[in-house]
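Here is a short briefing to read alongside the coordinates.

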Amino acid sequence: MAKASRDKQPDSPARTNARVALVGFGTVGRAVAKILCGRSDGALQLTQICNRNVARKKQPWVPANVVWTEQFSDVINSDAEIVVELIGGLSPAGELVRAALAAGKSVVTANKQLIARHGPELLQLANENGCQLEYGASVAGGVPVLPALRTGLSGDRLHGIASILNGTCNFILSRIEAERVPFGDALEEAQARGYAEADASEDLDGGDARAKLAILALAGLHVHVEPDNIRARTIRSIDAVDFDYAADLGCTIRQISRADLKETTLFAEVGPSLVPASSPFGRVQRNLNLVLTSGQYGGDIAFLGAGAGGDPTAVAVVSDLISVADGLSAGGRRNHALHLISPKVNCDFETPWYLRFWVKDQPGIIAGLASILSAHQLNIDSVLQKPGFEKSALPFVITLEPCRDSQLQPALHEMSALPFALRPCLSLPILR
Ligand SMILES: NC(=O)c1ccc[n+]([C@@H]2O[C@H](COP(=O)([O-])OP(=O)(O)OC[C@H]3O[C@@H](n4cnc5c(N)ncnc54)[C@H](OP(=O)(O)O)[C@@H]3O)[C@@H](O)[C@H]2O)c1
C-alpha cells in the first residue's frame, strides 16, 4: 500500500502539487473535477476518479493521465495524498473515509450525514494518523461558514448559532408567503423545480437541518451533539393563513435552526418560527441559506448564499483541497483542536409564542382557552381573528408573553382536547 507522504523533510525539494483522488462522480464530483481540470497553477493534481460502473461516467475533458476506477481499494492503495469523498450517505462512505485516514491520506468530504454522526471520531482518527479531515461543504454548500467557524472566528468564544439551513423548506415557505398558495402546491412546485425530492421528509420534518446544526455546533461551539437529540418540528402544519396572521404581527415564517450554549447546556432545536419580516431571516428568499453566529467578543456575524448546487458546493470542496494542499506544502499538520464537550441538550427556550387554533365557532371559546392558559400561569399578549371564515372552521391566533417550552406543552395538550378544537393547536416560537 502506498502510504501518503505528509512529513516534509528539511532538505526535501519544494512541493509542486498535491495528488487528489475523487470518489463519487455525480453532481458535486463532476463539478469538482471540472474546476480541478480547469486550474493551471499546479497546486492540485487530479490523479484518480472512482465511481461504481465507471465506464458510463468517463468525460472527454478529463486529462488522459487520470485513472478511472470502480474499486475503492485502488484509491486507498494509490499514491494520492488527498481523497475527496462525494458519494454521500453513511455506508460505504464511512468505510472509505476511515480507510483513507488510516492510510495517512487526508480527506475532504461534503457528507453531512457522516460528519453529523461520526465527525468527532473521524477527526480523532485524522489526528492519530497525522492527516486532515475537512468538511466545509457539508453545511450551507457554497457559503463558507464552516471554514470561518474553524479559522476566522476561532479567536472568539461563540455561544450562539441561528440559521436557515434547508433550502427546500425556505423555498416552500417563501412561496407560500409570496403567493399565499396551500402548502401542498408549494411542495409540488419545489419538486418540479428539483429543489425537493419525491420523499421530502428529511427536509420538511427537520432531519436534514438538525444534522447540519449538529455540524455547526461541532465546529463553532465545540460541542458533540447527536443530531437525533435535537428536537425537530415539521413545517407541514403551516397554512397560508399563518402568513396573514404573522404579517399582522410584523413577522413572517421560516424554518430556523438554532443552538445556544449556556454553561453545560445546549439549547437547540429546528422548526418553523415567526421572525420579524424586516430581519435578516425574514428577508431570506427562495432556497438561500443564512447563518448568524453570536460571539462573546465579536458579536453577531452573518453568512448568506447558495446552500446547495453542484458548482457552489464544488467551490467549497476545492477550497478545502487548497487548504489541505497548503498544509502538505508547508510540511505541517493542520489539525483542529478536538476539545469537545458533550452538553445536556434540550429545547426549553424561553420565547413569546404564536398559537393558532382551528375551531368550530361557539360561545365560550376564548374563555375556555384563557382558563387553561391562566391555570398554567401563561400570559396572553394578543388575540387575533381575521374576518371572512366559515363558522364551522375558523382560524384564530393567541400570542403569549415569553415562557418556557416546558411550561407551554401541558397547556397545549389540554387545549387540543377541548370539544371545539378541530385540529391540534399549532405553536410557533416568535424570535425577536
Ligand atoms: N448536490 C448538492 O447540492 C450538495 C450540496 C451540499 C452537499 N452535498 C453532498 O455532496 C455529496 C454528493 O452529492 P451529489 O449531489 O453529488 O450526489 P450524486 O449526484 O448522487 O452523486 C453521487 C455519486 O456517487 C456515486 N456513488 C454512490 N454510491 C457509490 C458507491 N457505493 N460506490 C461508488 N460510487 C458511488 C454515484 O454513482 P451513480 O451515478 O451510480 O449513482 C454518483 O455518481 C453528498 O454527501 C451530498 O450530501 C451535495
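Where is the place of Gln 377? Gln 377 lies in the loop between α12 (365–375) and β15 (380–385); helices (H or I, at least four residues) and strands (E, at least two) are DSSP runs numbered from the N terminus. This is a predicted model, where local features need pLDDT of at least 70, side-chain atom pairs count only at pLDDT 80 or more, and totals for chains, interfaces and linings use all residues. Residues are numbered from 1 along each chain as its sequence is written, and side-chain values use heavy atoms, leaving out hydrogens and water.

**Backbone details**

- Most residues other than glycine have a negative phi, and most peptide bonds are trans.
- Gln 377, although not a glycine, has a positive phi of about 55°, and is exposed at 65% relative accessible area (buried is under 20%, exposed over 50%, partly exposed in between, with a 1.4 Å probe and protein chains only).
- His 222 is not a glycine either, yet has a positive phi of about 55°; His 222 sits in the loop between α9 (207–221) and β8 (231–232) and is partly exposed, at 38%.
- Ser 91 and Pro 92 are joined by a cis peptide bond with omega of about 10°, and Pro 92 belongs to the loop between β4 (82–85) and α3 (93–102).

**The α6 and α7 pair**

- Phe 171, Ile 172, Arg 175 and Ile 176 in α6 meet Phe 183, Ala 186, Leu 187, Glu 189 and Ala 190 in α7 (contact means heavy atoms within 4.5 Å).
- The residues of this contact of α6 with α7 comprise 7 nonpolar, no polar and 2 charged (Ala, Val, Leu, Ile, Met, Phe, Trp, Tyr, Cys and Pro count as nonpolar, Asp, Glu, Lys and Arg as charged, and the others, Gly among them, as polar).
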